[in-house]
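Q: I'm new to this one. Can you walk me through it, a bit at a time?

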Amino acid sequence: SRVNQWLQARLAGDEVAMVLQEELRMAYRPPHLDLSYKSIGDAGFHEVGRFIVEREFIETIDLRGNELTGQSIGFLSYALYTNKHIRRLDLSFNHLGRNQGFDIFCRTLETMNELQELNMRACELTSTHAADISKLLRRNNALRAVDLSWNVFGNYGGQLIYEGIKDNVMRNMSECQLSGCDIREDLLIDIAHLLMRNRGISGGRPWTVQSSMSPAAIPSLMSPRLGSPRTPAAPLALADDSYRRPRSTSPVRPAFSPLRTPSPGRRWDMSGSPSILDTPKYRPALFDEEPSSRLATELEDFLQVNKYSNTLDLSYRKIGNYGAYKVARFITEHPFADEVLLPGNNITGEGARFLADALTSPAVLVRKLDLGDNQIAELFGLDTLCRALRVNRTVTHLSLANNCLHPRHGHDVRNMLVANRRLTHLDLSFNMLGASGGQQILDALFDNTTLVDCQMSGCRVPSDVLLGIAKRLERNRRGTY
């Protein structure tokens, strides 16, 4: 009878292995391996590890929600050690903190020189695992983005993570998500300052504009589509502080109300289409400070060089509202930009209105818009931008981090989320939304089924509201409405 039981268990195990191998073949779409929410468990990760070892061209591995514990980390660690071409690894919503083996797993990740993004959200990690994570952040010089949200690190674990980011020599780490980790706010702000330092906000590099580039060399600067490595676009040099953000105390002018719905009879043409930005009252003469000649020249050269580029990166270049006006016209006339990155440019509500007008144009195909570290909440800029995003059908990633948003702005974001059905990623970090603003976001997620990621670090939102938001986002990720 024991032999029969052993044979039945062996046959059942072989049947499970065959089913899992077929599942692996279906999930592998080179160079991506997507096994999210398959509930594989510890027993099946031996086959997963063998599959990763046998496949040489795997760059992205998604293992979310598979009940992975420390018991099966050995198979995964060996697979990752033999296949070091992996660039993105997602292990969120597992049980990595259970049992032993997490330290061995972190030592394996230290040797992966091409790993750029690591997600371990809600993996039951505690302060005892923070020391291994700190060593990983210190020794791995390729990591650029880490998501450790919804793990119970506490202040001690947060301090270890801070030291790991601080001691990294290459300073490539530019994003570290720590939402819901029970870390005090001043320590989160210190970590945010380190990440801002790594992104080159303080100091900066002596970039120069390649204005003498021939038209034949322009296609060499064109970056490919999203999801593949990009060639960096020609940078913009703004070393002086000759053009600062205009601080206007005058009332809102009627001229800055660019939001409108295009009438059915209006013709939209990608070359020379009629736009409210072309009218004389929207010329830069309305700005409180006249832009310097150097700023205008270098900005024109930069936009001309990147005319056919998929990414328009003007991060931390102090282009102000004048630059927002020029960028709005540029993306309307040249619909090649997928990503528009404008963080840290002293853009106020006036500049946000120009961008809002551009987003209502059917000619604009922007999918990622980064407006972090600006002041778009001034002069009703956020209200205008949110009303534009209600009718926009292309933007999927939006960053409004550190934009001086207050609880009263939660109503604008709520109405936008209820009406928008394309936005999947939203960053509201380091805005003083408070309890009422967080509640507005939570109420919006009862109706919104497309948003799968909402960063709210440093927003002074109560933990119970954050937990409710996390549950709604997880519901949207799983598709169980």
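Predicted model: local features only at pLDDT ≥ 70, side-chain atom pairs only at ≥ 80, totals over all residues.

Q: Where does aspartate 373 sit, then?
A: Aspartate 373 is in the loop between strand 10 (368-370) and helix 11 (381-391). It is not a glycine, yet it has a positive phi of about 60°. At 18% relative accessibility, aspartate 373 counts as buried.

Q: Give me the big picture. How many helices and strands?
A: The protein has 14 helices and 13 strands. Buried residues make up 52% of its 481 residues.

Q: What share of the contacts link residues 24 or more positions apart?
A: Such residues account for 85% of the contacts with a separation of 6 or more. Contact means heavy atoms within 4.5 Å.

Q: What about sheets? In what order do the seven strands run?
A: They form an open sheet in the order 1-2-3-4-5-6-7, with mixed pairing. Two strands pair if DSSP finds at least two bridges between them.

Q: Which strands stand at the edges?
A: Strand 1 (28-29) and strand 7 (175-177). Each has a single partner strand, so one side of each is left without a neighbour in the sheet.

Q: And strand 4 with strand 5: parallel or antiparallel?
A: Parallel, over three bridges. Leucine 89 has leucine 118 in strand 5 as its bridge partner.

Q: Let's switch to charges. How many salt bridges does the structure hold?
A: 17. A salt bridge is a side-chain nitrogen of Lys or Arg within 4 Å of a carboxyl oxygen of Asp or Glu.

Q: Which residue meets aspartate 90 in a salt bridge?
A: Arginine 64, at 3.7 Å, N to O. The pair links distant parts of the chain, 26 residues apart. Aspartate 90 is in strand 4 (residues 88-90), and arginine 64 is in the loop between strand 3 (60-62) and helix 3 (73-82). Both aspartate 90 and arginine 64 are buried.

Q: What about glutamate 110? Which residue does it bridge to?
A: Arginine 139, with the closest N and O atoms 3.3 Å apart. Glutamate 110 lies in helix 4 (residues 102-110) and arginine 139 in helix 5 (residues 127-139), so the pair ties together parts that are 29 residues apart in sequence. Glutamate 110 counts as buried at 13% relative accessibility, while arginine 139 counts as partly exposed at 47%.

Q: Which residue pairs with aspartate 453?
A: Arginine 121, in a salt bridge of 3.1 Å, N to O. Aspartate 453 lies in strand 13 (residues 453-455) and arginine 121 in the loop between strand 5 (117-119) and helix 5, so the pair ties together parts that are 332 residues apart in sequence. Aspartate 453 and arginine 121 are both buried.

Q: Which residues do shared partners join into one network?
A: Asp62, Arg64, Arg88, Asp90 and Glu117, through their salt bridges.

Q: Now cysteines. How many disulfides?
A: The count comes to zero, a disulfide being a pair of cysteine sulfur atoms within 2.5 Å. For cysteine 176, the nearest cysteine sulfur is that of cysteine 181, 8.3 Å away. Cysteine 176 counts as buried at 11% relative accessibility.

Q: Last topic: helix 8. Which of its residues are buried?
A: Leu295, Glu298, Leu299, Phe302, Leu303 and Val305. They pack against strand 8 (311-313) and helix 9 (320-333).

Technical notes. Residues numbered from 1 in each chain as written. Heavy atoms only, no water. Helix = DSSP H or I, 4+ residues; strand = E, 2+ residues; numbered from the N terminus. Buried < 20%, exposed > 50% of the residue type's maximum accessible area, 1.4 Å probe, protein only.
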